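Here are my notes on this model, point by point. Please read them with the structure open.

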Amino acid sequence: LEKMRAEATGEEQKGLAGFRTVWNEYVAASAGMFPLVAKGDTPAAEKLIGDGGAADVLWDPIKAALTSWQKATTTSVGAELSSARTTYSTAKLVVILLLAFSALLGAGLAFAIARGLARGIGQLVRAADGIAEGDIEQSVDIASRDELDLLGRSFSQMIDYLKESAG
């Protein structure tokens, strides 16, 4: 009960305190039952806790205190659940936005890379088509630092070789 009290809201603590008060009164009122039973006086013990007895009169307040405590706890749990749902919704929205942003960023990077490749390959195709038609005055200028740049340099060397051979 101490751990529950430490973690409880004000209303829950109030409900718990109310329950503890009436419970202690009930325990005190019914404490005389055990000595009566030990002496074998069960009718007197039954009268103590039975209908209208000193302990019985305190049973309804115990039920009322438990109901009050339960309502306070249910309200507190409902508030916590609502807060958790809000946090979940916010986190879900942030994740969706981050995924969308990442997808757009990835698509933009892919477009930029594809455009750079297409330009370099386009230059090589135009030069190859010109050479195929007999025009060896072609130039290839690919400005990248990758395999396409190496291919462009090799293609330029081939054009230079063709110019020397034709010259």
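1. Glu137 is exposed, because its relative accessibility of 57% is over the 50% cut-off. Keep in mind that this is a predicted model. The side chain of Glu137 meets that of Lys163 in a salt bridge, with 3.8 Å from N to O. The pair joins distant parts of the chain, 26 residues apart. Glu137 sits in the loop between helix 6 and helix 7, while Lys163 belongs to helix 7 (residues 147–166). Lys163 counts as partly exposed, at 29% relative accessibility.

2. Helix 7 also holds the pair Arg153 and Asp149. Their side chains form a salt bridge at 2.5 Å, N to O. Why are these two about one helical turn apart? Because they are four residues apart in helix 7. An α-helix has 3.6 residues a turn, so residues three or four places apart point the same way. Arg153 is partly exposed, with a relative accessible area of 49%. Asp149 has a relative accessible area of 11%, so Asp149 is buried, the cut-off being under 20%.

3. Lys63 is partly exposed, at a relative accessible area of 43%. The count of salt bridges comes to three.

4. Which residues make the nonpolar surface patch of about 350 Å²? They are Ile113, Leu117, Ile121 and Val125. Val125 lies in helix 6, which runs over residues 59–132. Its relative accessible area is 42%, so Val125 is partly exposed. A residue needs over 30% to join a patch, so Val125 qualifies on accessible area.

5. Helix 2 covers residues 10–30, 21 residues in total. From its first C-alpha to its last, helix 2 reaches 30 Å. That is close to the 30 Å expected at 1.5 Å a residue.

6. Which residues of helix 2 are buried? They are Glu12, Gly15, Leu16, Phe19, Val22, Tyr26 and Ser30. These residues lie on the same side of helix 2, because they cover an arc of only 140 degrees around the axis. The other side of helix 2 has exposed residues: Gly10, Lys14, Asn24 and Ala28.

Methods. Residues numbered from 1 in each chain as written. Predicted model: local features only at pLDDT ≥ 70, side-chain atom pairs only at ≥ 80, totals over all residues. Heavy atoms only, no water. Patch = residues over 30% accessible without salt bridge, like charges linked within 9 Å, V, L, I, M, F, W, Y side chains within 5 Å. Areas by Shrake-Rupley, 256 points an atom, 1.4 Å probe, with all protein chains shown as cover. Salt bridge = Lys/Arg side-chain N within 4 Å of Asp/Glu carboxyl O. Buried < 20%, exposed > 50% of the residue type's maximum accessible area, 1.4 Å probe, protein only. Expected span 1.5 Å × (residues − 1). Arc of directions from axis to C-beta.
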